[in-house]
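Please read it with the model open beside the text.

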Amino acid sequence: MSDNKAGVDLSIVIPVYNEVQCLPALHQQLKEVMDAVGRPYEIIVVDDGSTDGSYETLCELHAKDNNLKVIRFRRNFGQTAAFSAGFDYAHGNAVITIDADLQNDPHDIPILLAKMQEGYDVVSGWRKNRKDPLLTRRLPSMVANWLISTVTGVKLHDYGCSLKVYDRQVVKSLRLYGEMHRFLPALASWMGVDVAEVPVNHRARMFGHSKYGLSRTIRVLLDLLTVRFLLSFSARPMQLFGTLGMISFGIGSLLGLYLSILKIAYHRSIGERPLLLLAVLLIVIGIQFMTMGLLAELMVRTYHESQGKRTYVIREILE
């Protein structure tokens with residue numbers, strides 16, 4: 001699945017969930033754009049458990065287009081899983097992602113490809129003039145983009161835009177879980193990739209309704225914490241847990257020393273003082289954190305060594 005297929009230069013990955021009305025127009029627009037680009041391509045559509053006839057429509061389109069590949073899930077696994085499956089089966093040297101709802105404009109693909117030719121590994125679309133409602137979509141998105149950029153250190157105006165182009169090595173080196181497809185540029189940053197962002201057209205939804213709303217906010221925030229940990233401490237978890245443990249243990253020890261001096265030197269009663277309970281609690285928590293760090297170190301080594309997974313990514317080798 002991961003080997004490059006001769007003759008394919010570009011792979012377009014599209015997750016689909018109940019977008020039957022959009023599919024014919026999307027396919028036609030993609031065909032026009034990609035034929036004009038003039039580079040060998042494949043379109044990989046992942047049907048994420050649709051129940052509205054999307055798969056039947058895709059079968060009809062597939063019968064007419066040899067460049068179209070359709071992957072059908074047994075049930076709805078989510079957008080991240082759909083992207084992951086598309087990446088696994090993509091053969092192109094560059095992988096393009098786009099939503100199926102026609103809000104992303106396929107005519108922007110050549111702009112992203114041209115930007116990649118300048119030497120970037122990831123080029124992300126920026127929906128500068130979004131056609132979505134302000135309170136329910138744009139405002140939460142602005143807050144989320146600021147938060148993700150601040151936490152991950154990868155500054156983008158629009159993490160939620162699915163229209164992106166990735167170098168093949170980027171998507172083949174990553175494994176996605178939860179809602180992490182939106183964090184792909186940040187996850188790829190540990191590889192030392194060059195990321196660019198270009199304004200793209202954003203169109204109002206013509207058919208159906210959005211499948212993703214505010215209900216995902218908490219899950220996205222939790223995944224953001226995971227991404228922060230993966231970027232900073234995935235190969236050295238003891239530095240995180242050990243630091244927290246040392247701080248907690250140190251404060252608890254200082255409080256314990258202070259109480260001991262009061263007891264020994266000034267003969268004061270400390271048995272009923274809340275400070276004694278806090279000191280003991282901090283010392284115990286500190287020991288627990290350091291123990292968690294040691295266990296995490298063992299898990300990290302098992303993870304890398306059992307899969308033969310390296311802790312680095314090579315851009316090229318000159319021989």
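## Packing of helix 1 and helix 4

At what angle do helix 1 and helix 4 (residues 109-116) pack, and how far apart are their axes? The angle is about 35° and the axes are 10 Å apart, where axes are lines fitted to C-alpha atoms, for helices over the stretch in contact, and angles run from 0 to 180 degrees between N-to-C directions. Helix 1 contributes Leu30, Val33, Met34 and Val37 to this contact, and helix 4 contributes Ile109, Pro110 and Leu113, contact meaning heavy atoms within 4.5 Å. By class, the residues of this contact are seven nonpolar, no polar and no charged; Ala, Val, Leu, Ile, Met, Phe, Trp, Tyr, Cys and Pro count as nonpolar, Asp, Glu, Lys and Arg as charged, and the others, Gly among them, as polar.

The model is predicted, so that local features need pLDDT of at least 70 and side-chain atom pairs count only at pLDDT 80 or more, while totals for chains, interfaces and linings use all residues. Residues are numbered from 1 along each chain as its sequence is written, and side-chain values use heavy atoms, with hydrogens and water left out.

## The chain as a whole

The secondary structure comes to ten helices and seven strands, both being DSSP runs numbered from the N terminus (helices H or I, at least four residues; strands E, at least two). The chain has a radius of gyration of 25 Å, whereas a compact globule of 319 residues would have one near 20 Å; the radius is taken over C-alpha atoms, and the globule rule is 2.2 Å times the number of residues to the power 0.38. Along the principal axes, the C-alpha atoms fill a box of roughly 90 × 55 × 40 Å.

Of the 319 residues, 43% count as buried, with buried meaning under 20% relative accessible area, exposed over 50% and partly exposed in between (1.4 Å probe, protein chains only). Among contacts with a separation of 6 or more, 80% are accounted for by residues 24 or more positions apart.

The axes of helix 1 and helix 2 (residues 54-64) come within 10 Å and cross at roughly 35°. The crossing is right-handed; a crossing is so called if the near helix is turned clockwise from the far one by less than a right angle, and left-handed if anticlockwise. Leu23, Pro24 and His27 of helix 1 meet Ser54, Thr57, Leu58 and Leu61 of helix 2, and this contact has four nonpolar, three polar and no charged residues.

Threonine 57, in helix 2, counts as buried because its relative accessibility is 14%. Leaving aside neighbours within four places in sequence, threonine 57 is in contact with Val20, Leu23 and Pro24.

Arginine 39 is found in the loop between helix 1 (23-37) and strand 2 (41-47), and it counts as partly exposed because its relative accessibility is 25%. Beyond its neighbours within four places in sequence, it is in contact with Asp9, Leu10, Met34, Leu113 and Gln117. Its side chain makes a polar contact with the side chain of aspartate 9 at 2.7 Å; such a contact is a pair of N or O atoms within 3.5 Å, of which, within protein, one must be able to donate a hydrogen and the other to accept it, and residues adjacent in sequence count only if both atoms are side-chain atoms.

Asparagine 18 lies in the loop between strand 1 (10-16) and helix 1. Its phi is near 55°, a positive value in a residue other than glycine.

## The enclosed helix 3

Eight of the eleven residues of helix 3 (residues 79-89) are buried, and helix 3 is therefore largely enclosed by the rest of the structure. The buried residues are Gln79, Thr80, Ala82, Phe83, Ser84, Ala85, Gly86 and Phe87.

## Helices 9 and 10

Histidine 267 sits in the loop between helix 9 (237-266) and helix 10, with phi near 55°, again a positive value in a residue other than glycine. At 69% relative accessibility, histidine 267 counts as exposed. Methionine 246, in helix 9, is also exposed, with a relative accessible area of 53%; its C-alpha atom is 8.3 Å from that of phenylalanine 289, 43 residues apart in sequence.

Glutamate 297 is found in helix 10 (residues 274-307) and counts as buried at 14% relative accessibility. Its side chain reaches the backbone nitrogen of methionine 238 at 3.0 Å, and, leaving aside neighbours within four places in sequence, glutamate 297 is in contact with Arg236, Pro237 and Met238.
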